[in-house]
Amino acid sequence: MSGGDGTGTVHAVTGGKSTRAELTVRRAMRADRPEVVALCRAALGWRAGGLDEAFFSWKHDENPAGASPMWIAEDDGRPVGVRVFLRWRFRRPDGTPLRAVRAVDTATHPDAQGRGVFTRLTLGALPELRDDGVGAVFNTPNDQSRPGYLKMGWNVVGRVPVAVRPVGAGSLPRLAGARTAADKWSEEVDVGVPAIEAFADDDEVDLLLRRCVPRGLATDRDAAHLRWRYRFGPLHYRVLPVGDRLSDGCCVVRFRRRGDALEATVAETLLPDPRTGTAPLLAAARAAGADYLIAARGPSTPRSFVPVPRLGPVLTWRPVARAGTPRLRDLGLALGDVELF
């Protein structure tokens, strides 16, 4: 089981009625994985042999930043809730690291709904995350869940700025109507090359990253991170080189349905010269039949992209071992850092 050795504190919490058994919250052990999977099947509708279990394992077991810490809520020894935090590494402009986690997966058994399981799990994890040296928790909750996070001490950093590039005039009506949730899984395309192949040469990746120094507090990228982040097969990320060598620059994209539109999500723009990104991105989007491209707005975003207010996800932040919440303008984020996965 990823997320701990089971030596964490056990927190006792009571249910809302005296007739209910006491809930306990504890850090998960490796041996808990089968029960966690069973809980997710009951709460989230996972199917045996489906993609969700492999997706969960990729995120939480294979991350080079470390296995994800998890907490379980139990009712008389039976797991009724789970909360998982994905490890993440940021690097400050002065080169110093910031250890963080991203609040991602959570599940509550239908029999335990209304007992505050999610809140108890989330708040119960914070002291141990602090003891682990985690500086902050971040995530991008939707409009329905954000108020709950704010009540637990999360702060709104702001809406991540994004920019779009329509592929053609005929795509504008579909772009205008693409304000609904996107599909979880990507469309399979054959543009570019797989990430595991593109990022195989550590020296070439290192040279690329030295030529693409981000501004502000940014994800601490290296070859291991890029290979892991973009290799999960069913997400179909593709790397588009802009020159003869990877160090000349590249973009990472995936294609997924959003309403009636096919969206090309630009997860990374690792471009020493932003002017080089437009042609390969447009060529890939046209080849895949996409209606538009969308990217986080920043110094490396191709200049042909147009800013769109109020379209990006809202980023929230909870200080843990490090005080303070960054300002949005002090962050250097790509969509690959904040998109839901």
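Predicted model: local features only at pLDDT ≥ 70, side-chain atom pairs only at ≥ 80, totals over all residues.
Which element gives the most to the lining of the largest cavity? Strand E4 does, with 3 residues. Residues are numbered from 1 along each chain as its sequence is written, and side-chain values use heavy atoms, with hydrogens and water left out.

**The cavity**

- The whole structure holds 1 cavity of 30 Å³ or more (a set of points on a 1 Å grid over the protein atoms alone where a 1.4 Å probe fits but cannot get out).
- The volume of the largest cavity is about 60 Å³, counted as the space filled by probe spheres set on the grid points, which are joined across faces, edges and corners.
- Its lining (residues with an atom within 4 Å of a point) consists of Asn63, Pro64, Ala65, Arg87, Trp88, Arg89, Thr219, Asp220, His225 and Trp228.
- Two or more of these residues come from each of strand E4 (78–91) and helix H8 (223–229); helices (H or I, at least four residues) and strands (E, at least two) are DSSP runs, numbered from the N terminus.
- The lining of the largest cavity has 4 nonpolar, 3 polar and 3 charged residues (Ala, Val, Leu, Ile, Met, Phe, Trp, Tyr, Cys and Pro are nonpolar, Asp, Glu, Lys and Arg charged, and the others, Gly among them, polar).

**The second largest pocket**

- This pocket (an open set of points with protein on both sides within 12 Å along at least five of seven lines) has about 930 Å³ of space.
- It is lined by 43 residues, of which Val213, Pro214, Arg215, Ala218 and Gly332 are the closest to its centre.
- Strand E13 (261–270) is among the elements that supply at least two lining residues, as is helix H7 (202–211); E13 gives the most, with 5 residues.
- By class, the pocket lining has 22 nonpolar, 8 polar and 13 charged residues.

**Helix H7**

- Glu204, Val205, Leu208 and Leu209 are the buried residues of H7 (under 20% relative accessible area, 1.4 Å probe, protein chains only).
- They sit on the same side of H7 because they cover an arc of only 135° around the axis, taken from the directions from the helix axis to the C-beta atoms.
- On the other side of H7, Asp203 and Arg210 are exposed (over 50%).
- The buried residues pack against H8, strand E12 (250–258) and E13, with contact meaning heavy atoms within 4.5 Å.
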